[in-house]
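Work through the exercises below with the model open beside you. Try each task before reading its solution.

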Amino acid sequence: MNKADTKTPKKKEGKRSEKVLPDALVPESQWEILGQACMVNGKPVRLRQWPTRYGDMPSKEDMSERIAQLSGRLDSLLTCLYAQGERKLLVILQGLDTAGKDGAARGIMRAVHPMALRMVSFKVPSAAENAHDFLWRVHPHVPGAGQSVIFNRSHYDAVIMPTIQGELTPALLEQRCRQINDFEQLLVETDTTVLKIFLNISREEQHARMIERWESPEKRWKLTAADLQCNENYSLYANAYEQVLERTCTQHAPWWIIPADHKGFRNMLTAEIMVGTLERMGLAWPEPDPIVAKSEFWKKSPQ
């Protein structure tokens, strides 16, 4: 884990009413198990040593029920964060092609008010974006006060892809990873919680999903030559991610690696990590407008 010094961001003072949903849906015991299983936390990042699926998983029905619970809680927590208008949440989803970044995001967002959460997808950089530093196109999309944003791909692609293509020297790789760590620390020090999740998919499952896409006219358009190249060079892509994940796992923005071979389990774990993170932010509904409270309009009959 990167040992860069971190500063605890100062919390803004202000009146708060009752805490939002005081009974945690992801209690401390479960949060600790999640962290031990999925958070990098100084562990070596060798993706083949991290599971892509578990043999002992809940039933499909139990997972669906759990995801529904988590989605409802997520909506309340994100709405509270929005209402509070101070803290920010940035979720970064990364993974090899077909790992399920879109699917996980849809699973997370399905019951969330669009005002409380938005998603940004980054494609191949334009000429204008390439004319600037690699973080230039990302910074305008980070969340503002009270906002929550999911990055589907992110600034990490500006390190991953050049590494795979052999365009980065070791010194330049170190430099870009340091710049990412500094950028994320800037976000954390300005009240942004940075949650980074890597979806770990096996080569076999990746190949199976590509076949599934090809066999479905509704999904066939998603397949690209880059997808095929990723599967053919799976080890090369995995190695590039290993280098970057190790160098950018910091105390202020650690990486979570979750098994992504099973879509439902992937979505459930992603939602649990998001809910657990928000529940530990100390969110509370803000006090009502004092003029409205003083009016006691609820005691009056309409004229």
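A residue is called buried under 20% relative accessible area, exposed over 50% and partly exposed in between, with a 1.4 Å probe and protein chains only. The model is predicted: local features need pLDDT of at least 70 and side-chain atom pairs count only at pLDDT 80 or more, while totals for chains, interfaces and linings use all residues. Residues are numbered from 1 along each chain as its sequence is written, and side-chain values use heavy atoms, with hydrogens and water left out. Helices (H or I, at least four residues) and strands (E, at least two) are DSSP runs, numbered from the N terminus.

**Exercise 1. Describe the aromatic pair of Tyr54 and Phe265.**

Step 1. Rings of Phe, Tyr and Trp (its six-membered ring) pair if their centres lie within 6.5 Å; planes under 30 degrees apart count as stacked, over 60 as edge-to-face and the rest as tilted. By this rule there are 6 aromatic pairs.

Step 2. For Tyr54 and Phe265 the centres are 5.6 Å apart and the planes make 80°, an edge-to-face pair.

Step 3. Tyr54 belongs to the loop between α1 (28–38) and α2 (60–84), and Phe265 to helix α10 (residues 263–279), so the pair ties together parts 211 residues apart in sequence.

Step 4. Tyr54 is partly exposed at 26%, whereas Phe265 is buried because its relative accessible area is 6%.

**Exercise 2. Classify the pair of Phe198 and Tyr241.**

Step 1. The ring centres of Phe198 and Tyr241 are 4.8 Å apart and the planes are at 55°, so this pair is tilted.

Step 2. Phe198 is in strand β5 (residues 192–200) and Tyr241 in helix α9 (residues 234–248), so the pair links parts that are 43 residues apart in sequence.

Step 3. Phe198 is buried at 1% relative accessibility, and Tyr241 is buried at 4%.

**Exercise 3. In what order do the 5 strands of the open sheet lie?**

Step 1. Two strands pair if DSSP finds at least two bridges between them.

Step 2. The order is β3-β4-β2-β5-β6, with parallel pairing. At the edges are β3 (118–121) and β6 (255–259), each of which pairs on one side only.

Step 3. Angles run from 0 to 180 degrees between N-to-C directions, and axes are lines fitted to C-alpha atoms, for helices over the stretch in contact. From one strand to the next, the twist averages 25°.

Step 4. The parallel strands β3 and β4 are joined by 4 bridges. Val120 has Phe151 in β4 as its bridge partner.

**Exercise 4. Describe helix α6 and find what its buried residues pack against.**

Step 1. Helix α6 (residues 170–189) has 20 residues and spans 29 Å from its first C-alpha to its last, close to the expected 28 Å. The expected span is 1.5 Å times one less than the number of residues.

Step 2. Its buried residues include Leu173, Ile180, Phe183 and Leu187.

Step 3. Contact means heavy atoms within 4.5 Å. The buried residues of α6 pack against β2 (88–95), α5, β5 and α9.

Step 4. After α6 comes Asp191, with a positive phi near 70°.

**Exercise 5. Where does Arg153, which has a positive phi, lie?**

Step 1. Most residues other than glycine have a negative phi.

Step 2. Arg153 is not a glycine, yet its phi is positive, about 70°.

Step 3. Arg153 lies in the loop between β4 (148–152) and α5 (157–164). Arg153 counts as partly exposed because its relative accessibility is 22%.
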